[in-house]
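Have your viewer open and follow along.

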Amino acid sequence: MRKVDAMNERGRRKVLLGTVVSDKMEKSVVVQVERLIQHTVYKKYIKKYKKYAAHDETNQCKTGDVVKITESRPLSKTKRFRVSEIVKRAV
């Protein structure tokens with residue numbers, strides 16, 4: 001959805017807002033983050049998407065939830081983020 005600034009005791013970490021697209025793993029979710037970029041020539045805004053693997057310690061996230069993820073140390077080969085909070089539950 002969008003990038004949110006965060007100041008932590010360990011310094012500045014990326015905080016992203018996105019939608020859970022997969023919760024089939026144990027203690028992990030895949031979060032899709034949307035961002036808008038402007039085309040250099042035509043000046044039209046284009047949606048770009050990127051998927052991040054995030055650590056969900058309590059397995060509370062379900063597909064469709066809007067979550068806030070925070071950058072952390074590498075937790076596995078692909079996981080570099082943790083789910084910090086569930087902003088909105090899926091219907």
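## Ground rules

This is a predicted model, where local features need pLDDT of at least 70, side-chain atom pairs count only at pLDDT 80 or more, and totals for chains, interfaces and linings use all residues. Residues are numbered from 1 along each chain as its sequence is written, and side-chain values use heavy atoms, with hydrogens and water left out.

## Salt bridges

How many salt bridges turn up in a search of the whole structure? The search finds three, taking a salt bridge as a side-chain nitrogen of Lys or Arg within 4 Å of a carboxyl oxygen of Asp or Glu. One of them pairs E57 with K27, with the closest N and O atoms 3.0 Å apart. That pair links distant parts of the chain: E57 sits in the loop between β6 (45-55) and β7, K27 in the loop between β4 (15-25) and β5, 30 residues apart. (Strands are DSSP runs of E, at least two residues, numbered from the N terminus.) E57 is partly exposed at 47% relative accessible area, and K27 is partly exposed at 36%; here buried means under 20%, exposed over 50%, and partly exposed in between, with a 1.4 Å probe and protein chains only.

R89 and D65 meet in another salt bridge, 3.4 Å from N to O. This one also links distant parts of the chain, with R89 in the segment after β8 (81-88) and D65 in the loop between β6 and β7, 24 residues apart.

K68 lies in strand β7 and E85 in strand β8, so the pair ties together parts 17 residues apart in sequence. K68 is partly exposed at 22%, and E85 is partly exposed at 39%.

## A positive patch

On the surface, K14, R35, K48 and K50 gather in a patch of positive charge. Patch members have over 30% relative accessible area and no salt bridge, and like charges are joined within 9 Å. Of these residues, R35 is found in strand β5 (residues 28-38).

T70 has its place in strand β7 (residues 66-71) and is buried, with a relative accessible area of 17%. Its side chain makes a polar contact with the side chain of S84 at 3.2 Å. A polar contact is a pair of N or O atoms within 3.5 Å; within protein, one must be able to donate a hydrogen and the other to accept it, and residues adjacent in sequence count only if both atoms are side-chain atoms.

Methods
Patches are made of residues with over 30% relative accessible area and no salt bridge: like charges are joined within 9 Å, nonpolar side chains (Val, Leu, Ile, Met, Phe, Trp, Tyr) within 5 Å. Accessible areas come from the Shrake-Rupley method with a 1.4 Å probe; for residues, only the protein chains shown count as cover. Lys and Arg count as positive and Asp and Glu as negative; His and the chain ends are not counted. The place of a charge is taken as NZ of Lys, CZ of Arg, CG of Asp or CD of Glu. Helices (H or I, at least four residues) and strands (E, at least two) are DSSP runs, numbered from the N terminus.
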